[in-house]
Amino acid sequence: MFSRFWTFGVAALRRRSQRPTPVQMTGGFVVVLLVAAVLAGPLKGLAQQMIAQMPIVSSPVAADTTQAMHPAAFTVGNHPSHPDTQYPAYLMPSVFSGEEQSALNQFHHILDIYSKRQGVDDNFTIRVFDSRTYEVLGVYSVDHLQSQWQSGATMDWLQVDRERRQLSRRMVDKHVREGYPREHIAVRWGRANQIQEAYERDLPFAEYEIRLAQYLGMSLLPTMLGVVETFNQDDLVSSAGARSRYQMMPSVLRQFDVSTYTLPTNSGQRVRVREELHPLIAMEPAFTLMRGYINAVGHELPGLSAYHTGPSNIFHVYRSYLMEQGGSLDSSPSVVDAFVWGLTDGFDTVSESSTFKTRSRGYIPAVMGAMRAYNPNIIDPSYTQRAVRVQLAPRERTTLRDLLADLADERLDWGPDTYASSMYERFRHLNPHIQLPESADGSVPDRGNIVLTDRTGSTPVRFFLPLGAPDLLAASGRVALNDEATFVFDESTYTHPVNGTRTEADRAYDRLVERIGAFGFTSENRRQLNRLYERFKELERENPTHYRQIQLSIIETHRRVWLSRPWREMARAAEAATRLSRVNPQAPHEFDVEPAIPSALRGAQ
């Protein structure tokens with residue numbers, strides 16, 4: 001039924017026989033260089049440390065090796081916005097890291113466990129360890145299911161988990177008999193297969209996630225939230241009702257105008273539309289919400305945790321940390337120090353009086369473990385879905401059958417994996433949020449011949465077409481699109497804002513967020529936030545570009561969090577700590593009120 005893997009190397013070698021996946025990347029030269037550094041001597045300690053931290057991930061293998069790699073392809077681990085590069089002081093162990101039992105060292109132990117869980121241990125593996133010392137007590141495998149999968153069988157991962165649950169109980173009992181206290185035996189199940197499946201599902205959209213994260217001033221870490229929440233499965237609904245691959249509650253979806261409705265067909269039936277099922281609709285609201293939470297709590301690491309557990313729990317962690325420090329701050333306070341304490345030394349204290357419990361504790365380590373598991377994976381733009389999100393012009397009407405007839409041009413590129421499909425199947429592939437029925441012969445079935453208008457009630461009807469389709473429709477003259485509602489997804493989407501887009505108000509907001517990261521939860525900073533919020537509303541009215549709308553949405557989320565009771569409690573604790581310490585909060589920088597942009601220049605940015 002099971003066997004014990006005595007070394008990580010055995011487990012890694014066994015996984016080399018797994019079935020191939022779409023893209024291949026070899027990283028052996030990295031290991032060779034590190035080994036050379038070890039043998040060379042001067043960098044021996046650092047190189048050993050780097051080798052210990054590298055997740056052993058099976059490299060994806062190309063199913064069709066005839067396809068040339070796009071010249072703009074890159075590996076995730078080499079991206080300049082990788083969180084290990086952005087936040088090395090917290091995420092990367094140092095040879096000068098100090099005592100072994102420090103909160104930061106314990107945090108690194110937890111990160112290592114989750115890096116192995118996400119990138120080393122497959123979905124048949126169970127790792128048992130001592131939660132006090134992080135000593136690995138055993139690594140076990142459900143061998144008969146693993147053998148079936150390696151032989152080509154399709155796996156139901158829920159069934160695999162049920163068998164792992166039974167085996168886990170037996171292994172815990174085994175180690176209790178060996179003398180380990182039951183309360184200190186921890187179990188982690190490997191997820192490497194599902195992580196790899198998540199990567200494959202995300203190939204059409206990963207490039208946009210990465211660019212959107214950079215566009216909003218974040219590291220690549222937010223791009224892993226869909227992986228950890230749902231393994232990038234768009235149709236999952238949580239027990240609490242959260243939806244989409246990013247698991248947003250219905251109230252949040254409504255806040256960002258992500259809608260559910262039905263469309264009529266010519267035959268009188270109706271087809272359901274669930275916009276949260278389309279990653280190119282759900283992505284921007286999710287990332288915008290993340291950025292608002294990050295700003296509200298002062299840093300990306302606790303901010304992404306707030307996306308999962310709620311900002312109130314993060315404020316509770318901060319307040320508990322201040323109480324542990326005697327109510328005062330040291331000379332260089334950081335909210336990340338408080339957050340790391342809440343995951344390690346302070347976890348028992350925090351979890352006793354809040355809902356910040358085991359799943360919350362493991363959330364950021366799981367996200368970071370997924371990030372490191374992705375390190376060798378390639379983001380190849382040739383796999384990216386290029387498309388145009390459109391809406392019909394007011395009072396326009398067409399059927400899907402007529403629309404596709406107008407688009408019967410083989411020069412249109414409908415995207416990856418659609419070259420052999422019928423026009424109807426290509427449209428279904430490009431619009432998974434419209435729950436169209438399958439077609440037996442590739443033609444538009446009566447049950448799928450939806451009637452498209454500009455909106456249903458007050459809700460805009462949004463759908464996707466291939467690049468070039470709007471020009472083709474304009475040339476035909478048979479149906480008109482709403483140019484203002486058109487949004488293009490291509491190589492220029494979410495690139496860095498052009499010069500002149502960012503204003504002094506944006507820079508003042510950046511400075512405010514920086515102060516918040518040093519426990520700047522003060523009444524004066526909230527007044528500054530309110531002034532900036534009013535200015536952002538003016539800027540959006542003066543020049544309603546997409547960038548300005550996103551920035552307004554971010555500061556609205558931030559402001560909403562700061563109007564809550566948990567924030568007021570946080571502010572009282574932070575201001576009291578400031579009075580008891582020698583730390584003085586940096587005074588807000590006033591910003592000049594800028595003149596309105598002339599109407600002739602609006603939209604040029």
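1. Overall composition. The model is a predicted one, and its protein chain holds 25 helices and 15 strands. Of the 605 residues in the protein chain, 54% are buried. Where contacts join residues at least 6 apart in sequence, 74% of them link residues at least 24 apart.

2. The sheet around β9. Three strands make up an open sheet, in the order β14-β9-β15, and the pairing is antiparallel. The edges are taken by β14 and β15, each of which has a single partner strand, so one side of each is left without a neighbour in the sheet. From one strand to the next the twist averages 30 degrees.

3. Pairing within that sheet. Strand β9 (residues 387-390) is joined to strand β15 (residues 487-489) by three bridges, the two running antiparallel, and Ala387 stands opposite Phe489 of β15. Three bridges also join β9 to strand β14 (residues 463-465), again in an antiparallel arrangement, and here Val388 has Leu465 of β14 as its bridge partner.

4. Val388 in its setting. Val388, which lies in strand β9, has a relative accessible area of 3% and is therefore buried, the cut-off being under 20%. Leaving aside residues up to four places away in sequence, Val388 touches Phe463, Phe464, Leu465, Pro466, Leu467 and Pro470, together with Thr486, Phe487 and Val488. The C-alpha atom of Val388 is separated by 8.4 Å from that of Asp490, although the two residues are 102 residues apart along the chain.

5. Glu207. This residue belongs to helix α10 (residues 206-215). Its relative accessibility is 10%, and Glu207 counts as buried because the limit is under 20%. With residues up to four places away in sequence not counted, Glu207 touches Ile379, Pro381, Thr384 and Arg386.

6. The pair α15 and α25. Two packed helices are described by the angle between their axes and the distance between the axes. For helix α15 (residues 311-324) and helix α25 (residues 565-580), the axes come within 9 Å and cross at roughly 25 degrees. Angles under 35 degrees count as roughly parallel, and α15 and α25 are therefore roughly parallel to each other. The crossing in which α15 passes α25 is left-handed. On the α15 side the contact is made by Ser312, Phe315, Tyr318, Arg319 and Leu322, and on the α25 side by Pro566, Trp567, Glu569, Met570, Ala573, Ala574 and Ala577. Sorted by class, this contact of α15 with α25 comprises nine nonpolar residues, one polar residue and two charged residues.

7. The pair α22 and α23. Helix α22 (residues 504-516) packs with helix α23 (residues 523-542) at an angle of about 150 degrees, and their axes are 10 Å apart. Since angles over 145 degrees count as roughly antiparallel, that is the description that applies to α22 and α23. The crossing of α22 and α23 is left-handed. From α22, the residues Ala505, Asp506, Ala508, Tyr509, Leu512 and Arg515 meet Asn525, Gln528, Leu529, Leu532, Arg535, Phe536 and Leu539 of α23. The contact of α22 with α23 divides into eight nonpolar, two polar and three charged residues.

8. Helix α14. How many of the residues of helix α14 (residues 300-309) are buried? Nine of the 10 are, so α14 is largely enclosed by the rest of the structure. The buried residues of α14 are Glu300, Leu301, Pro302, Gly303, Leu304, Ser305, Ala306, Tyr307 and Thr309. These buried residues of α14 pack against α5 (88-91), α11 (225-230), α13 (279-297), α15, α16 (335-343) and α18 (358-373). Just after α14, Gly310 adopts a positive phi of about 100 degrees.

Key: Residues are numbered from 1 along each chain as its sequence is written. This is a predicted model: local features need pLDDT of at least 70, side-chain atom pairs count only at pLDDT 80 or more; totals for chains, interfaces and linings use all residues. Side-chain values use heavy atoms; hydrogens and water are left out. Two strands pair if DSSP finds at least two bridges between them. Helices (H or I, at least four residues) and strands (E, at least two) are DSSP runs, numbered from the N terminus. Buried means under 20% relative accessible area, exposed over 50%, partly exposed in between (1.4 Å probe, protein chains only). Contact means heavy atoms within 4.5 Å. Axes are lines fitted to C-alpha atoms, for helices over the stretch in contact, and angles run from 0 to 180 degrees between N-to-C directions. Angles under 35 degrees count as roughly parallel, over 145 as roughly antiparallel, 65 to 115 as roughly perpendicular and the rest as oblique. A crossing is left-handed if the near helix is turned anticlockwise from the far one by less than a right angle, and right-handed if clockwise. Ala, Val, Leu, Ile, Met, Phe, Trp, Tyr, Cys and Pro count as nonpolar, Asp, Glu, Lys and Arg as charged, and the others, Gly among them, as polar.
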